[in-house]
Amino acid sequence: IKDWYKSHSEFEVRILSHSGALPGAGRNFGIHNAKHEVVAFLDAGIRPQPDWLAKLMGELENGQVGAWGLCLSRAEGRVGTLVAAYSMGQESLVPYVIPASAFLKDVFEKVGFFPENLRAGEDLVWRKNYFDLLGQRLPTKATVEYTRFPSSIRSAYRKWFLYAQHLSSSGLMKRHQACYFLFYTLLVLSFLSQLWVLAIGLSSAYLVLRGILDPIRRSGKKAWAGPCWDLYVLGPFFVFGSDLCKTGGYFWGYLSSKSSPAAL
């Protein structure tokens, strides 16, 4: 940004630093320091299309207090493709993403600010509060592109564990988390009790629903892996490990919030 500003001095640019801040605290810091009536959000690893901001402003100039954008999920590399396919979807448009949207600054006085103690899920908490108070409108066609997916299985699993830990502490998606706990509990008990029909049934259902059909649903196409055909075989095993990490993160976040509500 500093290098870009040197050749674009006609724009007013301020670079603010909030050392050690989690995403919510960083966003709040920027909002509080904003000098204009519109606040637009981007994240590291996100590339906006040239008309992204113009489309958001068009929505706001029509009397709306918020303009929600779309995020195009496009991974590169084999591991990145797996992560994208089983999370946001490979080459799919994800609506209602905070770092693709813009809002009038006054909105935050009504809705509130982002939770500052969460590494993940702070955007979901704020979005829920926004929808509950102001309603849910269709997103605009203002689009950004996200390509910064993990490039190694270790980093992907670590990220899933960390995000699940903080998402558990956010108090959202409780049914989603309960489903993870119930599935893995039943799966482990069925193997330990040698209930092979139940164990094979659960494993087969998981393989088909989560391992095969889910990336197709999220990506909106059958050939989500492109020419890397081996990913269709590796995918179910990869996502089993990732879901196991998520379940561990959910459980750890639950224990942390119970033992010390302010721990996160």
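Rings of Phe, Tyr and Trp (its six-membered ring) are taken to pair if their centres lie within 6.5 Å, with planes under 30 degrees apart counted as stacked, over 60 as edge-to-face and the rest as tilted. By this rule, 32 aromatic pairs are counted. The model is predicted, so that local features require pLDDT of at least 70 and side-chain atom pairs count only at pLDDT 80 or more, whereas totals for chains, interfaces and linings use all residues. Residues are numbered from 1 along each chain as its sequence is written, and side-chain values use heavy atoms, with hydrogens and water left out.

One of the pairs joins tyrosine 180 and tyrosine 250, whose ring centres are 5.7 Å apart and whose planes lie at 70 degrees, so the pair is edge-to-face. Tyrosine 180 belongs to helix α8 and tyrosine 250 to helix α10 (residues 230–259), 70 residues apart, and the pair thus links distant parts of the chain. Helices (H or I, at least four residues) and strands (E, at least two) are DSSP runs, numbered from the N terminus. Phenylalanine 191 and tryptophan 196 form another edge-to-face pair, at 6.1 Å centre to centre and 70 degrees between the planes. Phenylalanine 191 is partly exposed at 42% relative accessibility, and tryptophan 196 is partly exposed at 45%.

Tyr180 and Phe191 of α8 are also among the residues that meet α9, where Trp196 is one of the partners; contact means heavy atoms within 4.5 Å. The axes of α8 (residues 174–192) and α9 (residues 196–219) come within 8 Å and cross at roughly 140 degrees. Axes are lines fitted to C-alpha atoms, for helices over the stretch in contact, and angles run from 0 to 180 degrees between N-to-C directions. The two helices, α8 and α9, are therefore oblique to each other (under 35 degrees counts as roughly parallel, over 145 as roughly antiparallel, 65 to 115 as roughly perpendicular and the rest as oblique).

In the loop between α8 and α9 lies glutamine 194, which has a positive phi of about 60 degrees although it is not a glycine. Glutamine 194 is exposed, with a relative accessible area of 54%.

Key: Buried < 20%, exposed > 50% of the residue type's maximum accessible area, 1.4 Å probe, protein only.
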